[in-house]
Amino acid sequence: MTISLRSFAKINLGLYIGPLRADGFHELRTVYQTVALHDRLTLHVTRGEGIEIRCADEGVPKDSDNTCYRIAERTMAALGARGRVVVEIEKRLPIRGGVGGASGNGAATLLGIERALKRQLPGTERLRIAAAVGSDLPLFLVGGTVLGVEHGECVYPLPDLPATDCVVAFPEIGVSTPRAFADWDLHVAPKLTASDPSARMKEFGRTVSAWLSGSTGSKRSRPVSGAPALGGGRVGNPLLSLVQAGIANDFEKVVFPQYPELHEVKSALERAGAKYASLSGSGAAVYGLFGSRASAAKAVLALKRRGVRALATKTLTRRRYWKRLWAR
């Protein structure tokens with residue numbers, strides 16, 4: 001059977017870096033948001049054995065270094081299934097761009113194998129397999145607006161936020177996530193003098209809570225009694241209230257000094273009318289949230305004049321994410 005499905009991208013709505021843990025990972029807090037930009041996967045499960053990855057992009061590994069390869073191995077084993085898995089990837093998202101392209105491909109592979117074999121793993125097993133392969137993978141088994149904790153792999157669905165116009169810029173810069181973490185430990189972490197190592201994690205929780213409730217503390221946005229921000233109403237679009245909540249991405253503190261071009265892209269998005277702009281993950285993608293499709297389109301043109309690839313898109317609600325996943 002041949003299965004075709006989309007593999008969506010994500011952006012990070014804020015990202016706080018906590019202390020280094022005993023397992024070598026940093027404690028993280030972030031809110032993931034899926035967006036409509038996507039790769040496309042075609043998957044075949046046939047007689048035989050082994051896993052084959054096909055992709056015209058030379059930058060995509062075709063062996064066990066590929067996320068789809070590792071997910072396919074684990075999924076077939078968990079299902080107790082035999083067969084040859086062939087995954088064809090049509091890349092539209094940049095490699096190592098900060099929008100979870102490879103992770104989305106991996107999650108799509110798991111779901112595609114299930115559909116091809118007409119068998120389904122328990123939700124907890126799906127998430128276990130995904131987390132074993134990469135921290136960003138589990139979010140793509142949830143979709144929409146998702147809270148990520150631990151080192152990002154423990155995910156909790158948040159109430160759906162309304163679809164919002166978005167521009168994602170892809171500067172031709174390669175950012176190393178391990179290097180970004182190392183720079184954080186060297187240059188930023190020693191300056192954090194809070195007596196409680198988890199203080200910044202608590203700060204993130206308070207910020208997100210204020211944001212989602214509409215209680216940002218801004219004179220422009222009063223707390224809503226009996227009508228949460230997620231419902232819209234007087235507070236308007238809650239995604240666009242991020243700027244009032246003060247949510248931010250810690251990676252900007254170390255990535256922007258190393259790559260000032262990325263800070264310039266963020267500034268260009270803000271000048272073009274973005275209500276909120278931020279680095280996604282450790283980069284190099286930078287995105288902006290806009291109040292209308294027209295303003296987003298103008299921002300794309302402004303960035304292209306600067307020689308920066310940029311795409312207009314929309315954020316995806318959870319329901320829309322799952323509906324469009326299987327769309328042709």
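A cavity is a set of grid points where a 1.4 Å probe fits but cannot get out. Keep that in mind for the last stop of this tour, where the largest cavity has a volume of about 50 Å³.

**Getting your bearings**

What you have open is a predicted model. Colour the protein chain by pLDDT to begin: the average is 88, and 91% of the residues score at least 70. Now select residues 218-235, where the pLDDT is below 50. In the model this stretch has 25 contacts beyond near neighbours in sequence.

**Stop one: the aromatic rings**

How many aromatic pairs does a search of the whole structure find? There are five. A pair of rings is described by the distance of the centres and the angle of the planes, and you can look at both in your viewer.

Select phenylalanine 8 and tyrosine 321. Their ring centres are 5.4 Å apart and their planes meet at 50°, so this pair is tilted. Phenylalanine 8 belongs to strand E1 (residues 2-20) and tyrosine 321 to helix H10 (residues 318-325), so the pair ties together parts that are 313 residues apart in sequence. Both phenylalanine 8 and tyrosine 321 are buried.

Next, select tyrosine 276 and tyrosine 287. This aromatic pair is tilted too, with 6.2 Å from centre to centre and 50° between the planes. Tyrosine 276 lies in strand E8 (residues 276-279) and tyrosine 287 in strand E9 (residues 286-290), so the pair ties together parts that are 11 residues apart in sequence.

**Stop two: a charge over a ring**

Now select arginine 115 and tryptophan 326. Here the charged end of arginine 115 sits over the ring of tryptophan 326, 3.7 Å from the ring's centre.

**Stop three: the cavity**

Rolling a probe the size of a water molecule over the atoms shows where empty space is left. In this model, one cavity of 30 Å³ or more is counted.

Technical notes:
Residues numbered from 1 in each chain as written. Predicted model: local features only at pLDDT ≥ 70, side-chain atom pairs only at ≥ 80, totals over all residues. Heavy atoms only, no water. pLDDT = per-residue confidence, 0-100. Contact = heavy atoms within 4.5 Å. Phe/Tyr/Trp six-rings, centres within 6.5 Å; stacked < 30°, edge-to-face > 60°. Helix = DSSP H or I, 4+ residues; strand = E, 2+ residues; numbered from the N terminus. Buried < 20%, exposed > 50% of the residue type's maximum accessible area, 1.4 Å probe, protein only. Lys NZ or Arg CZ within 6 Å of the ring centre and 35° of its normal. 1 Å grid on protein atoms, 1.4 Å probe; cavity = no way out; pocket = protein on both sides within 12 Å on 5 of 7 lines; lining within 4 Å. Points joined across faces, edges and corners; volume = space filled by probe spheres on them.
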